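Colleague: I would like to learn how to read the contacts in a model. Please take me through them feature by feature.

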Amino acid sequence: MTYTQTAFTGGTGARPITAFSRQIARALEARLEDAPAEVDRKAVFAIVKRAAPALGIGIGALQTLEHLISFTRADDWKAGRTPIAWPSNITLAECAGKTVSAIKARLRQLRALGLIVARDSGHGRRTGRRDDTGAISTAFGLDLSPLRIRFEELRELADVYSAQSRLFKEGRQEIARVRRIVGQALAQAADMRLTGPHWLALQDAIERVASAAAHARSLRDSEAFTAAIAQLAGVEDQVSQTIDRFMFPEDNRGSGSKNEPFIHIQTNPHPINDVQAKRACSSDLDPRASASAELPASPSNSRFNARPSELMEMFPTTAMYVDAQRPAWSDIHRAASRLRHDLGIRIGVYVDALENLGPDAAAIAIMITAERHARGEIRLTPGAYFTGMVGKAKRDELDLARSLWGFRTERVATH
């Protein structure tokens, strides 16, 4: 049997000299001139703690490093001095509540990462002494100078890692948002009994982006991750085009909805005087706009039968998007889809409206938004106004019938 000697230590039991230990020693010596004159002892550990995930420091090794720093004094980190700690492994084990073997493993990791350097005495024991001023006069133990020498490097490493973590977090949130849009579109298509490979292609598109982003995140590759996230805009466009083309196709000249929507008119709405009504909301009308016509009282429990032909008369802005002389509900849906794009309403909000209101009521909500925007009655943007309407629908506070009654009353008054 052949034995290979990896390091010669003689009979002294001294620490073996390795190529890696010499590499660390040379690197530290080269950085001595660039090292800051002094650093704050508390700031040192705070920077190392932030950079720990990037360095790969275990929790245990980080704890022992904190204990070593605590054995130094603030003046030890000033210019011309060397921060050396000389507690025994038994003392460190008592501080951490661990075994001596565990402490030795932690110190090996800290040395391997170039965060501490062993300064051994002749007898191999850690010892030290301070003079009357508190300065270290003689010390053999664990030298923490690498922390001061690498202070700016560790700070930059921590900043880069934090920025990268924020990038990954925001990217995951964007993936979740687009994934929700795809899920809502597929659910709406299933509810309308729409089939075809184009719907499954939406799921494949978001999964490809999510898989590429996950792979880049595992490699901590910011450029690849950013490139993957940039593809989400294309997925959103694909969802929008698929909805416009297959959910409300141009060649669909059928009767549209089987049942024309009817909306109960609230004859005597409750006065809104709560706190939410008093603060500015994105869906509020511009107070400078002209007031709407006073709504006449409607019969109790009456229904507003909204027919496509009547809607075209009530909403001339939408009528410009309808080519048919006798429009069906499919024409209304297509017009609303085009209006959604021109008004700058995000596809996610539109899909949310389809899910909560249905295609007919969602189309009417877009028509109302377009008409009020054309009149200059919207305080912010059409997208914000429409988003506010969807939010009210979720809270069961949206009263489309009241708005429809008002638009019909205005039409009658002008004829």
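Modeller: We will go through salt bridges, aromatic pairs, cores, helix packing and backbone angles. This is a predicted model, where local features need pLDDT of at least 70, side-chain atom pairs count only at pLDDT 80 or more, and totals for chains, interfaces and linings use all residues. Residues are numbered from 1 along each chain as its sequence is written, and side-chain values use heavy atoms, with hydrogens and water left out.

Colleague: How many salt bridges does a search of the whole structure find?

Modeller: Start with the general idea. Side chains of opposite charge can pair when their charged atoms come close. The rule here asks for a side-chain nitrogen of Lys or Arg within 4 Å of a carboxyl oxygen of Asp or Glu. The search finds 17 salt bridges. Take aspartate 76 and arginine 130, whose closest N and O atoms are 2.8 Å apart. Aspartate 76 sits in the loop between helix H3 (59-70) and strand S1 (84-85), and arginine 130 in strand S3 (residues 127-130), so the pair ties together parts that are 54 residues apart in sequence.

Colleague: How are those helices and strands assigned?

Modeller: They are DSSP runs, numbered from the N terminus: helices are H or I with at least four residues, strands are E with at least two.

Colleague: Is aspartate 76 buried or exposed?

Modeller: First the cut-offs. Buried means under 20% relative accessible area, exposed over 50%, and partly exposed in between, with a 1.4 Å probe and protein chains only. Aspartate 76 has 1% relative accessibility and counts as buried.

Colleague: Which residue meets glutamate 152 in a salt bridge?

Modeller: Arginine 155 does, at 3.4 Å from N to O. Both residues lie in helix H7 (residues 151-191), three residues apart, which is about one turn of the helix. Glutamate 152 is partly exposed at 45%. Arginine 155 is also partly exposed, at 33%.

Colleague: What does aspartate 352 pair with?

Modeller: Aspartate 352 forms a salt bridge with lysine 394, and the closest N and O atoms are 2.5 Å apart. Aspartate 352 belongs to helix H15 (residues 347-375) and lysine 394 to helix H16 (residues 382-394), so this pair ties together parts 42 residues apart in sequence. Aspartate 352 is buried at 8% relative accessibility, while lysine 394 is partly exposed at 47%. There is also a network of salt bridges, which links Glu174, Arg177 and Glu236.

Colleague: How do I read aromatic pairs?

Modeller: A pair of aromatic rings is described by the distance of the centres and the angle of the planes. Rings of Phe, Tyr and Trp (its six-membered ring) pair if their centres lie within 6.5 Å; planes under 30 degrees apart are stacked, over 60 edge-to-face, and the rest tilted. The count here is two aromatic pairs. Phenylalanine 168 and phenylalanine 225 have ring centres 4.7 Å apart and planes at 70 degrees, so they are edge-to-face. This pair links distant parts of the chain, with phenylalanine 168 in helix H7 and phenylalanine 225 in helix H9 (residues 222-230), 57 residues apart.

Colleague: Which residues of the largest nonpolar core touch the most other members?

Modeller: A nonpolar core is a set of buried Ala, Val, Leu, Ile, Met, Phe, Trp, Tyr and Cys residues joined through side-chain atoms within 4.5 Å. The largest has 60 residues, and Val239, Ile243, Leu311, Phe315, Ile366 and Phe386 touch the most other members. H15 gives the most to this core, with 15 residues. Another core lies apart from it, with 30 residues, among them Ala51, Leu62, Ala85 and Leu107.

Colleague: At what angle do H3 and helix H5 pack?

Modeller: Axes are lines fitted to C-alpha atoms, for helices over the stretch in contact (heavy atoms within 4.5 Å). Angles run from 0 to 180 degrees between N-to-C directions. H3 and helix H5 (residues 100-112) pack at about 85 degrees, with axes 9 Å apart.

Colleague: Where is arginine 220 found?

Modeller: Arginine 220 is in the loop between helix H8 (197-218) and H9. Its phi is positive, about 55 degrees, although arginine 220 is not a glycine.
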